[in-house]
Amino acid sequence: KEAGFIFGVCIKGHLKFRINHRTHEVSENSIFTILPEQIFKVTENSDDLMIETLFLSTDYTLRFPLPKNFDLIKKIDQHPSQEITRETLHDILEIHSLITKHHNNENNPYRDLMTNGFIFALLTEIAYLYESSPIELPQ
């Protein structure tokens with residue numbers, strides 16, 4: 001069992017889940033992030049649920065030069081799901097598609113560099129979405 005981050009985007013439908021005994025929901029045009037070492041359980045989902053997810057191990061994710069922002073981690077922990085615009089949803093899905101495309105292209109000698117670049121772009125976009133969220137952290 002490997003610890004890591006799960007990033008997801010809800011394209012259609014809705015999903016209700018628990019993280020460490022707290023209930024959260026996502027619906028169309030929402031993202032969610034599950035931090036490493038958290039207890040995650042789906043409790044309900046609609047029949048038309050459509051989500052895209054990406055799992056990144058903790059070791060792999062920490063190789064990127066991401067800002068060491070502990071308030072960001074606290075914000076994700078307290079509010080793992082965020083509503084986003086349709087345009088932002090489209091942007092995230094485009095980056096996700098590029099990650100998949102280049103990761104699966106075993107003939108490209110630059111496959112790892114390209115995949116890492118797109119993953120870094122996705123991580124920074126997700127970080128921006130949480131940082132710019134109007135949700136306040138408890139003091």
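This is a predicted model: local features need pLDDT of at least 70, side-chain atom pairs count only at pLDDT 80 or more; totals for chains, interfaces and linings use all residues.
Ser30 itself lies in strand β4, and, because its relative accessibility is 3% and buried means under 20%, the residue counts as buried. Its side chain, in turn, reaches the backbone oxygen of Ser27 at 2.9 Å.

The strand that holds Ser30 belongs to an open sheet of 4 strands, arranged in the order β6-β1-β4-β7 with antiparallel pairing. At the edges of this sheet stand β6 (50-57) and β7 (81-83), each of which pairs on one side only, and neighbouring strands are turned by 15° against each other on average, direction ignored. In general, the strands of a sheet pair through backbone hydrogen bonds, and the pairing can be either parallel or antiparallel. Between strand β1 (residues 4-12) and strand β4 (residues 30-34), which run antiparallel, there are 5 bridges; one of the residues involved is Val9, whose bridge partner in β4 is Ile31.

Helix α4 (residues 111-131) lies across β1, β4, β6 and β7, and runs at about 105° to β4. The largest nonpolar core comprises 23 residues, and those with the most contacts inside it are Ile31, Leu56, Ile84, Ile92, Ile119 and Leu122. Two or more residues are given to this core by each of β1, β6, α2 (70-78), α3 (86-103) and α4, with the largest share, 7 residues, coming from α4. For Leu122, the contacts beyond its neighbours within four places in sequence are with Leu54, Ile92, Ile95 and Ile99.

Helix α2 was examined next for its buried positions, which include Leu72, Lys75 and Ile76. Seen down the axis of α2, the buried residues fall within an arc of 95°, and they therefore line one face of the helix. In general, an α-helix has 3.6 residues a turn, so that residues three or four places apart point the same way.

Methods:
Residues are numbered from 1 along each chain as its sequence is written. Side-chain values use heavy atoms; hydrogens and water are left out. Two strands pair if DSSP finds at least two bridges between them. Axes are lines fitted to C-alpha atoms, for helices over the stretch in contact, and angles run from 0 to 180 degrees between N-to-C directions. Contact means heavy atoms within 4.5 Å. A nonpolar core is a set of buried Ala, Val, Leu, Ile, Met, Phe, Trp, Tyr and Cys residues joined through side-chain atoms within 4.5 Å. Buried means under 20% relative accessible area, exposed over 50%, partly exposed in between (1.4 Å probe, protein chains only). The arc is that of the directions from the helix axis to the C-beta atoms. A polar contact is a pair of N or O atoms within 3.5 Å; within protein, one must be able to donate a hydrogen and the other to accept it, and residues adjacent in sequence count only if both atoms are side-chain atoms.
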